[in-house]
Amino acid sequence: MIRTGVDIGGTFTDVIIFDEALEDIEITKTPSTPDNPAVGVINGLEKAATPIEDIDFFSHGSTVGTNALIERELPRIGLITTEGFRDVHEIRDSTKDELWDAYEDVADPYVKRRDRLGVPERIDANGDVVEPLDEDAVREVARIFEKRGIDTIAVSLINAYVNGEHEQRIADIVAEEHPDAFVCTSHEILPEMFEHERSSTTIINAALVPVVREYLTDLSAQLDERGYHGDVLAMHSGGGVMTTEAIAYYAARIANSGPTAGAIASQYIADQCGFENAIGFDMGGTSADISLTHDGDIEMTDQWSVEYGYPIMFPSTDIETIGAGGGSIAWIDDGGSLRVGPRSQGADPGPACYQRGGDEPTITDANVVLGWVDPTAFLGGDMDATADRAREVIERDIADPMGMDLIEATSAVEQIAVANMCNAVRLVSTSKGYDPRDFALVAFGGAGPMHAAHVAQQMSIPKVIVPPYPGINSALGCLLVDVEHDLSRTFIADATADVVTEMEDAFGEMESEIHERLAAEGVEDDEMRMDHTVKMRYKGQFRSLEVPCSRPIDSIETVRERFHRSHERTYAYSDEEQPVELYGLHVTGRGVVTKPSFPQIAAGTAEDAHRGTREAYFEEAGEYVETDVYDRDALGAGATFTGPAIVEQMDSTVVVPPQVTAEVDETGNIIITV
């Protein structure tokens, strides 16, 4: 079988093709085409030696949904809600990202106020109809939207999570009055309490459906024309894939899919190296994404956002993103302190050393001056880069204003960048009760392997793993996922034996719906797996924690004990005498896909890959030191070496600090012991 994974990034589209029979891996990288993402995918596939018609499995991750939300390249949206509640979407939860910044405004709502229309109806918190739905008012709203040319409509009524009868009737009426409209109802998308969160998720999902449907239809058609007739699977934020038919209705799920694919790959690589606990460190040109795997499971969250104030409540890998990429700009603030990021030069114009018009110092420029990166070797020598421009901008913008020499200023830029990365690692680890010393750091992305060893030293992380193809790790992650669906519902009750039967019934209903979805996507019964979790909290708490739950439920006491342990780890205390309350139920259904096993590499020594030496600066030494340079592609299994050392390949560089050892395992991972 020939498997293909594709990651559509903002700058590059990465392709990995794995031939299981030949145990051969082929990699291509081509510029992304934002106006038509499918073109970049086809360009990457056609660049490979493997014909498209020979591909048996195709899975991809994309930034299409995320970019559409950031850039607001969305259709005009209409919202139908309960009369008197049309401003819930704009009032939000009344918080701000920077709470004390009086000059910062939260992003505008996705639906303009004039397009948020209410209809008379009311359902109470128990699901009982207090006021019948005014169907004539619904018909009038549908006609108004049609006159305004609004073809994308979200429906979110008060308390619809316990009774979706009125929302479903609205959808039926709109279909009669405005048959060209796409209607998205909150009781189907997110049957959970909290009006703003449910409305926000429904609105974002509705807005992305036309965007995602257009590009998926185009991609499927282009692949079909070239001989691939299988499923076009799309990565979603929860760590699985869905078919184009499913993702076209649950479009908000593909936002954040690129970083999720990287987290999946880092978990897989750590497992292959014998580590159940791992921190994924994905550093690219603009940002760094940090994820965490504990006991073999990737940490998840059920509330995230692309723009602050407008949450998406679908399950997602818990990823911390900071503005620390190769293109992040070093600058001096008004108080005279040196800062790095979050502003970035990106890929265009890029760092000053690229000689493409960039005129501000970046992390990449600092790495070039330190000697860690050979500018003449960028992308295999295809870029006309130079260290001279990097020196000029650092001296002009950092060294001279701060009264430093060039090397002191350059080293300071690197140290601050590493400190920022360490803060992100703390956010996913120590701030949530995890000790970084119990984890391995999996470094990938174009810049991750360059900084990972220094991050590990600062955080006392004992091992760093650099996979064989760090620049395309997210594309690799797309090969390692299952077809997956999630369902959740609000379930508020005391965590006592009295509710076990009711919990079992609710789990059974959700399982049946997931079974139908997976079966519709061609998954056989023996390939389906169901996982169950319960949201719990101490009575009187607002926030809840999600803990695993077996099915059938043997004992509610066991579930409570898991909650106490989770609470102790997260908040450093628990109270087993305190009553515990159930808040919600969650089921994840997977159609298990056979995972590829990657080939072993030939044995070799470090001497076989030794290219020579060059001068590189390390803060540990306080000076430039003679540093060994190795060719990554020539390093064989069993090769060992001690820093200072630099390992180069086409789109990534591994930096090994002085007195730090590294070895290559049988599948080509470099394991650094710090």
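So, β1 and β2: strand β1 pairs with strand β2, residues 12-19, in the antiparallel sense, over seven bridges. When I say strand, I mean a DSSP run of E at least two residues long, and a helix is a run of H or I of at least four residues, both numbered from the N terminus. Two strands count as paired if DSSP finds at least two bridges between them. Across that pairing, D7 stands opposite D14 of β2.

Before I go on, this is a predicted model: local features need pLDDT of at least 70, side-chain atom pairs count only at pLDDT 80 or more, and totals for chains, interfaces and linings use all residues. Residues are numbered from 1 along each chain as its sequence is written, and side-chain values use heavy atoms, with hydrogens and water left out.

Back to β1. Strand β4, residues 57-62, runs parallel to β1, and six bridges join the two. One of the pairs there is T4 with F58 of β4. Now, how many residues of β1 are buried? Seven of the seven, over residues 2-8. Buried here means under 20% relative accessible area, exposed is over 50%, and partly exposed is in between, using a 1.4 Å probe and protein chains only. Both faces are covered, with I2, T4, V6 and I8 on one side, and R3, G5 and D7 on the other.

Next, S257, which sits in helix α9, residues 257-272. S257 counts as buried, at 0% relative accessibility. What does its side chain reach at 3.0 Å? That would be the backbone oxygen of I254. A polar atom of the S257 side chain also lies 2.9 Å from the backbone oxygen of S62. For a polar contact we want a pair of N or O atoms within 3.5 Å; within protein, one must be able to donate a hydrogen and the other to accept it, and residues adjacent in sequence count only if both atoms are side-chain atoms. If you skip the neighbours within four places in sequence, S257 is in contact with G61, S62, M235 and H236. Contact means heavy atoms within 4.5 Å.

Okay, another sheet. This one is open, with four strands in the order β6-β5-β9-β10 and parallel pairing. Its edge strands are β6, 116-119, and β10, 182-185, each pairing on one side only. From one strand to the next, the twist averages 25°. Strand β9, residues 152-156, is joined to β10 by four bridges, and V155 has T185 of β10 as its bridge partner. Lying across β5, β9 and β10 is helix α7, residues 195-225, at about 160° to β9. For angles like that, axes are lines fitted to C-alpha atoms, for helices over the stretch in contact, and the angles run from 0 to 180 degrees between N-to-C directions.

Now the cores. A nonpolar core is a set of buried Ala, Val, Leu, Ile, Met, Phe, Trp, Tyr and Cys residues joined through side-chain atoms within 4.5 Å. The largest has 72 residues, and those with the most contacts inside it are F281, L441, V455, F641, I670 and I672. Helix α12, residues 406-428, gives the most to this core, at 11 residues. Apart from it lies another core of 57 residues, among them I465, L545, F563 and L585.

Last, cysteines. The structure has zero disulfides, meaning pairs of cysteine sulfur atoms within 2.5 Å. C184 is buried at 0% relative accessible area, and C422 is buried too, at 2%.
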